[in-house]
Amino acid sequence: MPTDQYEAGEKTDGWRAILGLPFIYSTVQNILGANRVRRVLADQYVKPIPGMRVLDIGCGPADMVNFLPGVTYVGVDHSAAYIEAARARFADRGAFHVGDAGELRSYEQPFDLVMAIGLLHHMSDEQMEAFFTIVATLLTPSGRFISLDPCYSDNQSSIARAIIRRDRGLFVRPATGYQDAADQVFSHVEMDVRHGLPRMPYSHAIMVASQTQL
Ligand SMILES: C[S@@+](CC[C@H](N)C(=O)[O-])C[C@H]1O[C@@H](n2cnc3c(N)ncnc32)[C@H](O)[C@@H]1O
């Protein structure tokens, strides 16, 4: 039976509790190589262009802003502490709102890109499908949705699997688990499984979805 620490699709017990502090979160992420992952994501998937309208849901302290020069950025997270940190660091680079992915209000849509970096593995299948339905209404007709999450994979190392099993998110799945839910809502879904992007053994599911051929 889930306890309070699982209510938001997240384990927050023990050492994980301090990751709720924005500075600690960003520092640990950077040591583990999260900026390498963000660089790959920006260069190979997002391909930002000036003026592109981006909504980043589950933005955390908004470290991704540094990799999206020139875009119009809106970040949303249900952690008030993360949003406060994002505002303190990037007030002139975007707008930041406290909000839950399950109850997104109408931000300054439509967006060319909606991102969810490290968010879907905090959602059950039902929450994820409902989330995709909302996301689809926030996009321009040719807009894209991009997500990145840890995943289980047959050909990942046992170390990667062990690290991923200890993630804060309660719903880490094989890549097909993320893709199957997106297929219910989007006409076109592409999935890459990437191993070893950060500085440690790890496997990421990177998904790009849209209603028009990419
Ligand atoms: C793994 S962190 C990723 C943060 C950021 N995107 C990054 O790449 O550093 C997941 C983020 O999702 C947020 N989150 C989890 N569930 C959420 C929900 N239902 N609504 C909004 N934010 C959520 C958490 O507060 C956390 O900031």
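**Entry 1: Arg161**

I looked up Arg161 and found it in helix α5, which spans residues 158–165. The model I am reading is a predicted one. Leaving out residues up to four places away in sequence, Arg161 touches Tyr152 and Gln156. I also checked a residue further along the chain. Pro201 is 40 residues from Arg161 in sequence, and their C-alpha atoms are separated by 8.4 Å.

**Entry 2: The whole chain**

Next I stepped back to the overall fold. I found six helices and eight strands in the protein. Reading from the N terminus, I noted the order α-α-β-β-α-β-β-α-β-α-β-α-β-β. The radius of gyration is 16 Å, close to the 17 Å that the globule rule gives for 214 residues, so the protein is as compact as a globular protein of that length. Along the principal axes, the C-alpha atoms fill a box of roughly 40 × 35 × 35 Å. I then checked burial: 38% of the 214 residues count as buried. I looked at contacts too, taking those between residues at least 6 apart in sequence. Of these, 66% join residues at least 24 apart.

**Entry 3: Strand β1**

I turned to β1, residues 53–57, and found five of its five residues buried. I checked each face in turn. Arg53, Leu55 and Ile57 lie on one side, Val54 and Asp56 lie on the other, and all are buried. In a regular strand, side chains alternate between the two faces of the sheet.

Which strands pair with β1? Strand β2, residues 72–77, runs parallel to β1 and is joined to it by five bridges. Strand β4 also runs parallel to β1, with three bridges between them. I followed Asp56 in both directions. In β2, Asp56 stands opposite Gly75. In β4, the bridge partner of Asp56 is Met115.

**Entry 4: Strand β4**

I moved on to β4. Six of its seven residues are buried, so β4 is largely enclosed by the rest of the structure. I traced one line of partners across the strands. Val54 has Leu113 in β4 as its bridge partner. Leu113 in turn stands opposite Arg144 in β5. Six bridges join β4 to β5, and these two strands run parallel.

**Entry 5: Strand β8**

From β5, residues 139–152, I went on to β8. Seven bridges join β5 and β8, which run antiparallel. Pro150 stands opposite His204 in β8. On checking β7, residues 188–195, I found eight bridges to β8, again antiparallel. One pair I noted there is His195 with Ser203 in β8. Strand β8 covers residues 203–210, and seven of its eight residues are buried.

**Entry 6: The nonpolar core**

I looked for the largest nonpolar core and found that it has 55 residues. Which residues have the most contacts inside this core? They are Val54, Ile57, Ala86, Val114, Met115, Ala182 and Met207. Strand β4, residues 111–117, gives the most to this core, with six residues. In soluble globular proteins, nonpolar side chains tend to be buried together.

Not counting residues up to four places away in sequence, Ile57 touches Val76, Ala101, Val114, Met115, Ala116 and Leu119.

**Entry 7: Ala101**

One of those contacts, Ala101, was my next stop. I found Ala101 in the loop between β3, residues 94–98, and β4. Ala101 has 22 C-beta neighbours inside 10 Å, so it counts as buried. Apart from neighbours within four places in sequence, Ala101 is in contact with Ile57, Gly58, Leu119 and Phe131. I also checked the separation from Leu214, which is 113 residues away along the chain. The C-alpha atoms of Ala101 and Leu214 are separated by 25 Å.

**Entry 8: Around the ligand**

Last, I looked at the ligand. How many residues are around it? I counted 19, of which Gly58, Gly60, His78, Ala101 and Gly118 come nearest. I then sorted the shell by class. It has seven nonpolar, nine polar and three charged residues.

Terms used:
Residues numbered from 1 in each chain as written. Predicted model: local features only at pLDDT ≥ 70, side-chain atom pairs only at ≥ 80, totals over all residues. Near = placed C-beta within 6 Å. Nonpolar A, V, L, I, M, F, W, Y, C, P; charged D, E, K, R; others polar. Helix = DSSP H or I, 4+ residues; strand = E, 2+ residues; numbered from the N terminus. Rg over C-alpha atoms; globule rule 2.2 N^0.38 Å. Buried ≥ 20, exposed ≤ 12 C-beta atoms within 10 Å, placed from the backbone. Contact = placed C-beta atoms within 7 Å. Pairing = 2+ DSSP bridges. Core = buried A, V, L, I, M, F, W, Y, C linked by C-beta atoms within 7 Å.
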